[in-house]
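Student: Hi! I'm new to this one, could you walk me through it?
Tutor: Happy to, let's bring it up and go through it together.
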Amino acid sequence: MPRIRAAILSGLLLSILGVTGPAHRAAAAEITIACGALGQELELCRDGAEAWAKRTGHTLKIVSVPNSASERLALYQMMLAGGASQIDVYQIDVVWPGILANHFIDLKPYSGGAEKSHFPAIVENNTVDGRLIAMPLYTDAGVLYYRKDLLEKHGRPVPATWQEMTETARLIQRAERGGGEAGLWGYVFQGRAYEGLTVNGLEWIASSGGGTIVDAEGRITIDNPRAAEALALAASWIGDITPEGALTYTEEEARGVFQSGHAVFMRNWPYAWALAQGEDSPVRGRTGIAALPHGEGGRPVGILGGWNLAVSRYSRHPDEAADLVMALAGPEEQKRRAILAAYNPTLPALYEDAEILAANPFFRTLHATFSQSAARPSRVTGTKYNRVSHTFWTRAHEALSGRMTAAAAVAAMRHDLRRLSRRGW
Ligand code: GLC
């Protein structure tokens, strides 16, 4: 691990230890939960967890985590590898069960079968060696945000293909800049070298018929002409329709540019909807949301994301921690999160709920995007998934920065992945 990153992480660790302090010894337990950072995630987590604490008489500590999923994972791994008991509940990414399963308890004895009302694919994803290591909290799929007003003004349809998106973005950017909107860009996405770039890259590639890096049988498929073409098109965006700064963007930086009115298109997750439509948002009422474009001859692919709640094996209060997890993953809390902040429920029944659909009409119109999204190859690569993703995002970032051609990048990915899988996944 580079020294700077290690220093940042140990700083975070110290601040966590500092805020946590000595545990209560009275009947009421003190539970510490590490939850999200994207958009309104932290407030939602705090309010939901505090309502539980009030009801049960327990006390709470909330640990805020870094925005970038990859930095969160590094922080969690450091805490868990040391057997730290300071954090009881971890909010974990849908691609981490294979990596972190051994550090979490089996939640089945606590769930009373509640997992049966969630999407079966997510429950299966969270079940490792027969143990339910996390309860689903929300699900995610990549979507395209667009400026309705600008598309209308320039007489352009919502783009169906990446090529069309590129042309429309360029045309509107050029015309608007000519008209005095000097800071307008065509397209923003998550281009930093981290997990979010793996997601974006897979969306370009899988929607162009270029596969998902490693297929369901564990074969490395990334070195193919469609994958290289899709990556080459994305590299051509940088400095043209996408600012160079996007090479350091996570979700929140991209949202900042779009929401302040400085981009025609943005790739992001559903959470950005509630914020773009918020009362103080400059693009309120001017934002549309659609399935992501696809490559020529391909079909739209929004990569599946989402977060889950797990209880640490090192927790001193597993019973209370599991009770909190069940409360946060339950229908009332998922409904509140969906209405307030557009987090997609993992309970199919909530997609029929009139209040949820009124707040998020796209839950209905983009049903296909949510139900047919493709998964990252985390299941098949198991404990090695983060290294697979690291290989992908590192090379993809080199291609986007122009340090390597897209064809060389996918060849290098294959080479690195072969080494990684030499003794199997
Ligand atoms: C979102 C997704 C998560 C993904 C991450 C990447 O938080 O829900 O699955 O790994 O973005 O940045």
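Predicted model: local features only at pLDDT ≥ 70, side-chain atom pairs only at ≥ 80, totals over all residues.
Tutor: We'll talk about the domains, then a helix, then a loop residue.
Student: Okay, which domains does the domain assignment give?
Tutor: The assignment gives domain 1, made of 2-140 + 304-363, and domain 2, made of 143-302 + 377-420. Their centres, taken over C-alpha atoms, are separated by 27 Å. Domain 1 puts 27 residues into the contact, and domain 2 puts in 22 residues.
Student: How much area is buried between domain 1 and domain 2?
Tutor: About 2000 Å² is buried there, with 63% of that coming from carbon and sulfur atoms. On the domain 1 side, the residues that lose the most area to domain 2 are L38, V95 and F362, together 24% of what that side buries.
Student: And how many salt bridges are there between domain 1 and domain 2?
Tutor: The count is one salt bridge. There are also five residue pairs in polar contact across the interface, both residues at pLDDT 80 or more.
Student: Which element gives the most to the side of domain 1 that touches domain 2?
Tutor: Helix 3 does, with four residues.
Student: Why is helix 19 said to be largely enclosed by the rest of the structure?
Tutor: Because twelve of its 16 residues are buried. Among them are Y385, F392, W393 and R395.
Student: What covers those buried residues of helix 19?
Tutor: The cover includes helix 3 (69-81), helix 9 (195-206), helix 10 (225-237) and helix 20 (406-420).
Student: What happens just after helix 19?
Tutor: There, G402 takes a positive phi of about 80°.
Student: Last one: where is S85 found?
Tutor: S85 is in the loop between helix 3 and strand 3.
Student: Is S85 buried or exposed?
Tutor: S85 counts as buried, because its relative accessibility is 17% and the cut-off for buried is under 20%.
Student: What is S85 in contact with, leaving aside its neighbours within four places in sequence?
Tutor: S85 is in contact with Y314 and R316. With R316 there is a polar contact, side chain to side chain, at 3.2 Å.
Student: Thanks, that helps!

Key
Residues numbered from 1 in each chain as written. Heavy atoms only, no water. Buried < 20%, exposed > 50% of the residue type's maximum accessible area, 1.4 Å probe, protein only. Helix = DSSP H or I, 4+ residues; strand = E, 2+ residues; numbered from the N terminus. Contact = heavy atoms within 4.5 Å. Domains from an automatic or database assignment. Buried area = accessible area lost by both parts, 1.4 Å probe. Salt bridge = Lys/Arg side-chain N within 4 Å of Asp/Glu carboxyl O. Polar contact = N/O pair within 3.5 Å; in protein donor to acceptor, adjacent residues only side chain to side chain.
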